[in-house]
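Thank you for asking me to look over this model with you. The points below are meant to be read with the structure open beside them, one at a time.

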Amino acid sequence: SAVATVTHETGDGEMIPVRFSRSDRTVIWEAEMNSLLDLALANDVEIESGCLAGSCQTCQTKMIAGGVSYPDGEPAACDAGHCLPCIARPDGPLELDA
């Protein structure tokens, strides 16, 4: 099937591709997005979520490639190789199992 790619320039001109492998979508991270969950929802990628604050672990998602950062440091409980999209932002090109 064709890969849907949406391209937007971020405010600083940096374009970071984020791939959602199960959804077969690659989109560009936009600096004004608060989190990877916001990016997913804006592009019709479903990620189950709950608290939206990194506490409940409902959105925990496996990272296939790349890494993320968190605005307040690493979350207290997150499995190795996974991230919490509700509070995470991509460090660079990223592929998620979503």
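1. Of the 98 residues of the chain, 38% count as buried. Please keep in mind while reading that this is a predicted model, and that every value in this note is therefore computed from predicted coordinates.

2. The chain contains one helix and eight strands, and, read from the N terminus, these elements follow the order β-β-β-α-β-β-β-β-β. As for contacts in the chain with a separation of 6 or more, 44% of them are between residues 24 or more positions apart.

3. Which residues have the most contacts inside the largest nonpolar core? They are Phe-20, Leu-36, Leu-39 and Val-68, in a core that has 24 residues. The elements that contribute two or more residues to this core are S2, S3, helix H1 (36-42) and S8, and the largest share, four residues, is the one from H1.

4. Leaving aside residues up to four places away in sequence, Leu-39 touches Val-18, Phe-20, Val-27, Ile-28, Trp-29 and Met-33.

5. How many salt bridges are there in the model? The count comes to two. In one of them, Arg-19 pairs with Asp-24, and the closest N and O atoms are 2.8 Å apart. Arg-19 is partly exposed, because its relative accessible area of 22% falls between the limits of 20% and 50%, and Asp-24 counts as partly exposed as well, at 21% relative accessibility.

6. The other pair is formed by Asp-97 and Arg-22, with 3.0 Å between the closest N and O atoms. With a relative accessible area of 27%, Asp-97 is partly exposed, whereas Arg-22 counts as exposed at 63%.

7. Where in the chain is Ser-55 placed? Its place is in the loop between H1 and strand S4 (61-65), and Ser-55 is exposed, with a relative accessible area of 60%. Although Ser-55 and Pro-75 are 20 residues apart along the chain, their C-alpha atoms are separated by 8.0 Å.

8. The structure holds one cavity of 30 Å³ or more, and the volume of the largest cavity is about 30 Å³. Its lining consists of Ser-49, Gly-50, Cys-51, Leu-52, Gly-54, Cys-56, Gln-57, Thr-58, Cys-59, Leu-84 and Cys-86. Sorted by class, the lining has six nonpolar and five polar residues, and no charged residues.

Terms used
Residues numbered from 1 in each chain as written. Predicted model: local features only at pLDDT ≥ 70, side-chain atom pairs only at ≥ 80, totals over all residues. Heavy atoms only, no water. Salt bridge = Lys/Arg side-chain N within 4 Å of Asp/Glu carboxyl O. Buried < 20%, exposed > 50% of the residue type's maximum accessible area, 1.4 Å probe, protein only. Core = buried A, V, L, I, M, F, W, Y, C linked by side-chain atoms within 4.5 Å. Contact = heavy atoms within 4.5 Å. 1 Å grid on protein atoms, 1.4 Å probe; cavity = no way out; pocket = protein on both sides within 12 Å on 5 of 7 lines; lining within 4 Å. Points joined across faces, edges and corners; volume = space filled by probe spheres on them. Nonpolar A, V, L, I, M, F, W, Y, C, P; charged D, E, K, R; others polar.
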